[in-house]
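Here's a walk through one protein model, from the overall fold down to single residues. Have the viewer open and follow along.

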Amino acid sequence: MYILGLIRIGGQLDESVPLPRALARGLAAQKHSGLPLAKVPQNARKASSSFGDDQPGQKHHSGTLDSSSAWCAKKEDTAPWYQLDLGEVGNVAGVMLAARSDCGQWVTRFRVELADSEDGPWTSADDGREFDGPSFANPVRAVFDNGSQLARFVRIMPVSHRNHCSLRADVLLASADPDKPPVIVALGNFSVGDPFEFSTPEVQTDRMLEEQHLAMLQAKLSSLPPKLQHQVASLSTVQGYEKKQLQSQALDEIPVCGLDSSLDSSGGYEIAFMRMLVRWFKHEFFSWTNTPRCENCGSSETKTVGRADPTPEEQHFLANTVEVAACSKCGHQTRFPRYNDPAKLLQTRTGRCGEWANCFTLVCRSLGYEARHVHDWTDHVWTEIFSESNRRWVHVDSCEAALDSPLMYEKGWGKKLTYCIGFARDHVVDVTKRYTQSLEELMPRRTQCSEEELKKALSAISEFALDRSLIQYPEPVAAARRILLSERAAAEATAHLPKVSNAAEEVGRTSGDAAWRARRGELGSSEAAKQKALECSESGLEQAMASDSTMFLVFLP
Ligand SMILES: [Zn+2]
């Protein structure tokens, strides 16, 4: 039933492979990745106007993607266009657009027109569809839904812009080899016993029943400390990851086929894939923001000067707070809304550990990993995934690109942990034990509630989570899932405290700027840990782990 590793399929889909969702993932990942850029040279570019009447190649008429400026239209140009000449007729699949490099100006909506001759006739790509523009940090690939079109001249027609009509652009060509067989990554194999993997389309949930269940849960928790009652909100975050629409948005961003090529499968295929995934997430997908770059002049010399109330739009994407940073160069103030909506985070792709762990846990779920969002009450968050090969939950910290290094916080960062609570879509569990070598030292620090209260709250929330998640499944499927979860829970409860440590666990925190880490007391538990953290600040933990080839082979007794 389950296929391990990669399936290579030429041409038609092989319907005998019982992994429809995994196949869809691989294909989705292939859809946009790997389209080559035409790299149209500067002297083959023209425009309706240019700021300061600059000539192609000069500052305001340098629209190549690697430009340190951009093409900028004249302010009074009411119908701007920017033209790229391929030199000969090519198979145009779309365009790639980026913001101006050296200040916060970009096109927010645009259309694309195509022609064989500069004199026309021009035809609108995708029947005149308006494409979304880039953001300041992230270029956009606009690929035609109607398929690629033959043309020599490509015109980008900005419809709206931010601050000024400026852009960098290039043409995406259809792949030279469209029949290249896709390489499909089958990830379903490690979710054995996970009924969700093979579920039919989303069933309409009964809102009224859901609210009744929630009210019953709240009644059960009502006598407990508020902090425990608030844990229900953390559960609803992970339940949100189950939305199929959201998962498919995440899958569109993950270069699954790109990731598989350098797999080293020691310790289990899913662990090897995770190692690649977390590196990609840290080094290519997400970025860390201490303070945002100035959206006016592009300077990174900004300083947080206060907080602001979120606008209705920011609230819509679940930003409860907005930090305001002032630019030391131009004085402009840039807002940094702390979004909690994972769909929004797939676009902004930046933040601190809250945003990282939120978005990364969604990425894990969308790939079929059973995942937990772990809340450390001393102010950190990370992810755990279930490894079928190793039959246990494995720690993953996306901010640090750290895998299976649970002691890094206590031993490396020097944290004094108290409570670490893991939230999965169908259970909630106290996972503190995995992250400490000494429960005797840790337990006296747990003063926010009694152990009995904690147990009561977590078991009530856990029961609610399981009931909710199984409600739409037939009884035999639900029963099997209950048995599996209770077996895993029993094994987890009796696991010993971690004894081994790998090199990554001896390193202080590497994410965030050094002063910020030092202020939080997380730069390192010892001088050696601090030194290593500073050395690894750019590279992340791979450098520390590079010499440690045994880390994935060391398991708890
Ligand atoms: Zn500025």
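## The big picture

Let's start with contacts: of those in the protein with a separation of 6 or more, 70% are between residues 24 or more positions apart. Keep in mind that this is a predicted model. The protein comes with 17 helices and 22 strands, and 53% of its 557 residues are buried.

## The zinc site

Next up is the metal. Four cysteines supply the protein donors of the zinc ion, each through SG: Cys294, Cys297, Cys327 and Cys330. These donors sit 2.3 to 2.4 Å from the zinc ion. Along the sequence, the donor residues follow the spacing C-x2-C-x29-C-x2-C.

What arrangement do the four donor atoms make around the zinc ion? It is tetrahedral, because the angles they subtend run from 104 to 118°, and four donors get that label if all angles lie between 85 and 135 degrees. For reference, the ideal angle for four tetrahedral donors is 109.5 degrees.

How about accessibility at the site? Cys294 has 0% relative accessibility, so it counts as buried. Cys297, on the other hand, has a relative accessible area of 24% and is therefore partly exposed.

## Two helices side by side

Now find helix 2 (residues 207–221) and helix 13 (residues 451–470): their axes come within 10 Å and cross at roughly 170°. That crossing makes helix 2 roughly antiparallel to helix 13, since angles over 145 degrees fall in that class.

Which residues meet here? From helix 2 there are Leu209, Glu210, His213, Leu214, Leu217, Lys220 and Leu221. Helix 13 brings Lys456, Ala457, Ala460, Ile461, Glu463, Phe464 and Arg468. Sorted by class, the contact of helix 2 with helix 13 has eight nonpolar, one polar and five charged residues.

The loop between helix 1 (20–32) and strand 2 (45–47) is where you'll find Asn43. Asn43 has 70% relative accessibility, so it counts as exposed. Its C-alpha atom is separated by 6.3 Å from that of Pro56, a residue 13 residues apart along the chain.

Lys39 also has its place in the loop between helix 1 and strand 2. With a relative accessible area of 64%, Lys39 is exposed. Take a look at its backbone too: phi of Lys39 is near 50°, a positive value in a residue other than glycine.

Ala401 belongs to the loop between strand 19 (392–397) and strand 20 (402–403). Is Ala401 buried or exposed? At 4% relative accessibility, it counts as buried.

Then there's a cis peptide bond, which joins Gly120 and Pro121 with omega at about 0°. Pro121 is in the loop between strand 5 (106–115) and strand 6 (123–124).

## Two residues and their neighbours

Thr348 is part of helix 9 (residues 342–348). It has 22% relative accessibility and so counts as partly exposed. Leaving out residues up to four places away in sequence, Thr348 touches Asn138 and Tyr339. If you'd like a C-alpha distance to check, Thr348 and Ser287 are 61 residues apart along the chain and their C-alpha atoms are separated by 9.2 Å.

Asp430 is part of strand 22 (residues 427–430). Its relative accessibility is 30%, so Asp430 counts as partly exposed. Which residues does Asp430 touch, not counting those up to four places away in sequence? They are Cys420, Ile421, Arg446, Leu454 and Leu458. For Leu458, there's a C-alpha distance as well: it is 28 residues apart from Asp430 along the chain, with the two C-alpha atoms separated by 7.7 Å.

Note on methods: Residues numbered from 1 in each chain as written. Predicted model: local features only at pLDDT ≥ 70, side-chain atom pairs only at ≥ 80, totals over all residues. Heavy atoms only, no water. Donors = N, O, S within 2.8 Å, 3.2 Å for Na, K, Ca; no water. Tetrahedral: all angles 85-135°; square planar, octahedral: opposite > 155°, others 65-115°. Buried < 20%, exposed > 50% of the residue type's maximum accessible area, 1.4 Å probe, protein only. Axes fitted to C-alpha atoms, helices over the stretch in contact; angles between N-to-C directions. Helix = DSSP H or I, 4+ residues; strand = E, 2+ residues; numbered from the N terminus. Parallel < 35°, antiparallel > 145°, perpendicular 65-115°, else oblique. Contact = heavy atoms within 4.5 Å. Nonpolar A, V, L, I, M, F, W, Y, C, P; charged D, E, K, R; others polar.
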